[in-house]
Amino acid sequence: MKFFVDTAEIKDIAELNDLGMVDGVTTNPSLILKSGRDILEVTKEICDIVSGPVSAEVVATQADAMIAEGRKLAEIAENITVKLPLTWDGLKACKVLSSEGKMVNVTLCFSANQALLAAKAGATFISPFIGRLDDIDLDGMDLIEDIRTIYDNYGFDTQILAASIRSVGHVRECALVGADVMTAPPEVIRKLATHPLTDKGLDQFMKDWAKTGQNIL
Ligand code: E4P
């Protein structure tokens with residue numbers, strides 16, 4: 001499973017990228033707001049760091065304007081993925097931009113039928129939002145499983161990009177049900193390395209080592 005990092009914070013992206021943990025980046029208007037940066041400048045900086053797909057989201061709601069914004073965003077770098085909302089206009093824009101050879105990430109997906117439409121419109125990635133379904137007491141992981149089955153049934157190439165990941169449990173479940181990619185905030189990716197028994201074991205080793213009175217260097 002590929003790891004995308006869901007942020008527009010350059011420091012986090014650079015740190016995780018140096019560790020080999022970043023196969024791509026996703027941003028959205030809320031993350032751009034949080035960064036306090038200009039969308040074109042920060043997106044260019046991200047593309048200079050990361051070689052994999054970097055999603056930049058349009059903000060227009062009509063297909064023609066979405067296409068124009070998508071073309072402008074795609075000029076930033078070759079690895080830009082134009083992010084479009086899963087609306088009827090978004091699907092129209094997806095069809096046009098994907099036919100031009102641009103990578104497209106169709107976002108705000110909350111049903112298997114929406115995912116089927118995105119694949120038929122040529123989406124490179126479909127982004128089902130797990131956490132936001134969990135927020136309204138539905139099971140986000142069921143949606144990932146349904147989309148996996150449908151895409152496999154018909155041989156769609158569209159990659160399932162599990163989004164709105166809120167916990168390490170989400171990451172594990174996504175990997176088990178066969179999501180192609182997951183995108184998570186930097187803190188969730190860092191948390192994947194932690195386990196209380198690792199901390200406990202290391203603490204004991206350090207105490208015992210101190211008693212030996214030895215040094216390695
Ligand atoms: C994905 O592309 C979105 O940017 C993101 O995963 C949304 O996550 P949230 O529901 O935690 O805001």
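View 1. A patch is built from residues that have over 30% relative accessible area and no salt bridge, with like charges joined within 9 Å and nonpolar side chains (Val, Leu, Ile, Met, Phe, Trp, Tyr) joined within 5 Å. Helices (H or I, at least four residues) and strands (E, at least two) are DSSP runs, numbered from the N terminus. E145 lies in helix α8 and counts as partly exposed because its relative accessibility is 40%; buried means under 20% relative accessible area, exposed means over 50%, and partly exposed lies in between (1.4 Å probe, protein chains only).

Residues are numbered from 1 along each chain as its sequence is written, and side-chain values use heavy atoms, with hydrogens and water left out. As the model is a predicted one, local features need pLDDT of at least 70 and side-chain atom pairs count only at pLDDT 80 or more, whereas totals for chains, interfaces and linings use all residues.

**View 2. The whole chain, as a setting for the close-ups.** The chain has 11 helices and eight strands, and its C-alpha trace spans about 70 × 40 × 30 Å along the principal axes. Of the 217 residues in the chain, 46% are buried.

**View 3. The aromatic pair of F4 and F125.** The structure holds three aromatic pairs. In one of them, the ring centres of F4 and F125 are 5.7 Å apart and the ring planes stand at 70 degrees, so the pair is edge-to-face. F4 lies in strand β1 (residues 2-6) and F125 in strand β6 (residues 125-128), so this pair ties together parts that are 121 residues apart in sequence. Rings of Phe, Tyr and Trp (its six-membered ring) pair if their centres lie within 6.5 Å, and planes under 30 degrees apart count as stacked, over 60 as edge-to-face and the rest as tilted. Both F4 and F125 are buried.

**View 4. The salt bridge between D12 and R190.** The structure holds 12 salt bridges, a salt bridge being a side-chain nitrogen of Lys or Arg within 4 Å of a carboxyl oxygen of Asp or Glu. In one of them the side chains of D12 and R190 meet, at 2.7 Å from N to O. This pair links distant parts of the chain, with D12 in helix α1 (residues 10-18) and R190 in helix α10 (residues 186-191), 178 residues apart. D12 counts as partly exposed because its relative accessibility is 21%, and R190 also counts as partly exposed, at 33%.

**View 5. The salt bridge between R166 and D135.** The side chains of R166 and D135 meet in a salt bridge with an N to O distance of 3.2 Å. R166 lies in the loop between β7 (159-162) and α9 (168-177), while D135 lies in helix α7 (residues 130-135), so the pair ties together parts that are 31 residues apart in sequence. R166 counts as partly exposed at 43% relative accessibility, whereas D135, at 51%, counts as exposed.

**View 6. Two residues with a positive phi.** S164 is not a glycine, and yet it has a positive phi of about 55 degrees. S164 is found in the loop between β7 and α9 and is buried, with a relative accessible area of 10%. D137, also not a glycine, has a positive phi of about 65 degrees. D137 is found in the loop between α7 and α8 and counts as exposed because its relative accessibility is 73%.

**View 7. A nonpolar patch on the surface.** L202, F205 and M206 form a nonpolar patch with about 340 Å² of accessible area together; accessible areas come from the Shrake-Rupley method with a 1.4 Å probe, and for residues only the protein chains shown count as cover. F205 has its place in helix α11 (residues 196-212) and counts as exposed, at 57% relative accessibility.
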